[in-house]
Amino acid sequence: MSNCAIVGINWGDEGKGRMVDLLTEKFNVVVRYQGGGNAGHTVINEKGKFALHLLPSGIFRDGVINILGNGVAVDAESLWNEIEAVRAQGVAITPENLKISDRASLLLPWHRELDSLEEARLADKKYGSTKQGIAPFYSDKYQKKTVMAGELLYPDHLFSHLADLLEWKNLTLTGVYGAKPYTMEQMTEWVKNYGEKIKPFLCDTGELLQNAQKNGKRILFEAQLGSLRDLDYGIYPYTTSSNTTAAYAPIGSGFPGARIDEVIGVVKAYSTCVGEGPFTCEWFGKEAEELREAGFEYGAKTGRPRRVGPIDFVATRYGVEVQAATNIALTKLDVLSYMKKIPICTRYIVNGKETDRFPFPALLAEAKPVIEYMDGWGCDISKVRRWEDLPEAARRYVEAVEKAIGCHIGYVSVGPERESIILR
Ligand code: GDP
């Protein structure tokens with residue numbers, strides 16, 4: 001294994017963080033290449049239990065360099081708070097082990113405010129935003145209306161740029177939403193309180209990555225969310241505002257020429273989804289409650305209860321295709337141990353016709369799942385560490401998933417701890 005991307009195959013929250021934490025042992029550099037602080041990875045290792053939002057999950061390994069690439073929405077305020085929280089748990093975070101791309105754009109205070117204002121305007125048609133400002137941030141980035149982190153190093157340039165942006169943004173804030181305008185005093189304060197704090201971490205991460213590759217170092221690209229939330233390939237408009245796919249990793253990392261040798265797709269043994277949008281396999285009532293409790297399915301960032309349901313072969317196969325995954329980590333198999341019969345969604349019925357192809361987003365609201373059942377295993381598997389020690393019914397379940405999605409399952413995770421893994 002040389003360079004590798006770890007990506008989500010489903011709607012996010014598949015357990016990518018725990019896989020990155022496990023596999024960083026074999027890598028020298030870990031790069032986050034898209035998204036912002038709007039989702040969370042939960043990582044449990046010998047240093048404790050951590051909820052990461054922006055920090056790459058390689059931050060716990062000594063000697064690993066962690067990078068926030070140019071594709072990331074760098075929210076200096078959230079990042080600084082996260083750095084302080086993780087440091088308070090005894091983890092060293094220094095300009096040696098954390099690098100922020102000077103080409104990453106900065107999420108500004110009004111992005112978060114605009115996110116909330118727009119969700120409030122949408123009322124019952126809201127997208128289910130986490131209100132971290134991600135959609136307004138990426139809209140502005142592509143309109144060329146935000147600042148790059150590297151501008152913090154050139155204060156005269158920065159403040160004149162911020163003044164121009166402020167004038168423009170206040171037109172929207174006051175005119176469209178009737179909100180209070182921002183002032184330069186507020187922005188100066190923000191630069192002092194947060195911008196200055198992240199300045200020591202800034203560098204040309206592209207150069208760093210190119211040198212790492214030249215010197216035979218291994219690079220791990222860490223994605224946020226999953227295939228079905230990808231801006232171009234997901235369940236638009238209920239997607240995130242960036243590309244969650246492995247193909248975006250070279251662009252968003254600062255090293256467009258990067259070669260990715262392996263794409264590890266993380267699949268959850270059942271389905272979960274946070275926020276709004278079509279979710280074909282969704283369960284409600286007692287059944288949902290039981291699965292949610294068994295898997296402790298509450299958002300790491302928001303604490304929101306996640307929507308849950310059985311594994312969806314149609315969506316998962318599509319997710320594998322979109323990511324061009326070469327290997328799969330199936331997580332949370334242990335959570336299904338309480339079920340006598342394990343439900344699987346093998347096909348959809350769309351407009352009266354059965355299909356195993358993932359439909360165009362506008363048709364998803366009509367899609368009904370075709371559910372079949374497999375035998376459960378009826379015992380705790382969280383201590384199992386070898387494939388041959390898994391109960392036969394559990395092995396059959398893993399093999400059925402593998403067959404349905406057409407990709408080898410090389411890792412089976414049976415618990416949140418680093419060592420709760422079966423290699424296959
Ligand atoms: P990510 O954003 O893809 O990293 O996923 P999250 O961290 O949001 O959600 C995954 C959750 O499942 C976390 O709380 C993990 O600690 C937990 N987890 C990961 N793998 C397993 C597993 O195999 N079994 C159990 N029971 N929990 C797991």
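Student: Which elements each supply at least two residues of the shell around the ligand?

Tutor: This is a predicted model in which local features need pLDDT of at least 70 and side-chain atom pairs count only at pLDDT 80 or more, while totals for chains, interfaces and linings use all residues. Residues are numbered from 1 along each chain as its sequence is written, and side-chain values use heavy atoms, without hydrogens or water. Helices (H or I, at least four residues) and strands (E, at least two) are DSSP runs numbered from the N terminus. The elements that each supply at least two residues of this shell are α1 (16-23) and β3 (41-45).

Student: Which element gives the most to the shell, and how many residues does that element supply?

Tutor: A residue is near a molecule if one of its heavy atoms lies within 4 Å of it. Of the 17 residues around the ligand, those that come nearest are Gly17, His41, Thr42, Asp334 and Ser413. The element that gives the most to the shell is α1, with 3 residues.

Student: How far from an oxygen atom of the ligand does a backbone N or O atom of Thr42 lie?

Tutor: A polar contact is a pair of N or O atoms within 3.5 Å; within protein, one must be able to donate a hydrogen and the other to accept it, and residues adjacent in sequence count only if both atoms are side-chain atoms. Asp13 places a polar side-chain atom 3.1 Å from a ligand oxygen atom, and a polar backbone atom of Glu14 is 3.2 Å from an oxygen atom of the ligand. For the backbone atom of Thr42, the distance is 2.6 Å.

Student: What share of the area that the ligand exposes when taken alone does the protein bury?

Tutor: Accessible areas come from the Shrake-Rupley method with a 1.4 Å probe; for residues, only the protein chains shown count as cover. Taken alone, the ligand exposes 590 Å². The share of that area buried by the protein is 91%.

Student: Where is Pro237, the residue joined to Tyr236 by a cis peptide bond?

Tutor: Most peptide bonds are trans. The bond between Tyr236 and Pro237 is cis, with omega of about 5°. Pro237 is found in the loop between β8 (219-226) and α8 (249-253).

Student: Is Lys144 buried or exposed?

Tutor: Lys144 is not a glycine, yet has a positive phi of about 60°; this residue is placed in the loop between α4 (134-142) and α5 (155-176). Buried means under 20% relative accessible area, exposed over 50%, and partly exposed in between (1.4 Å probe, protein chains only). Because its relative accessibility is 70%, Lys144 counts as exposed.
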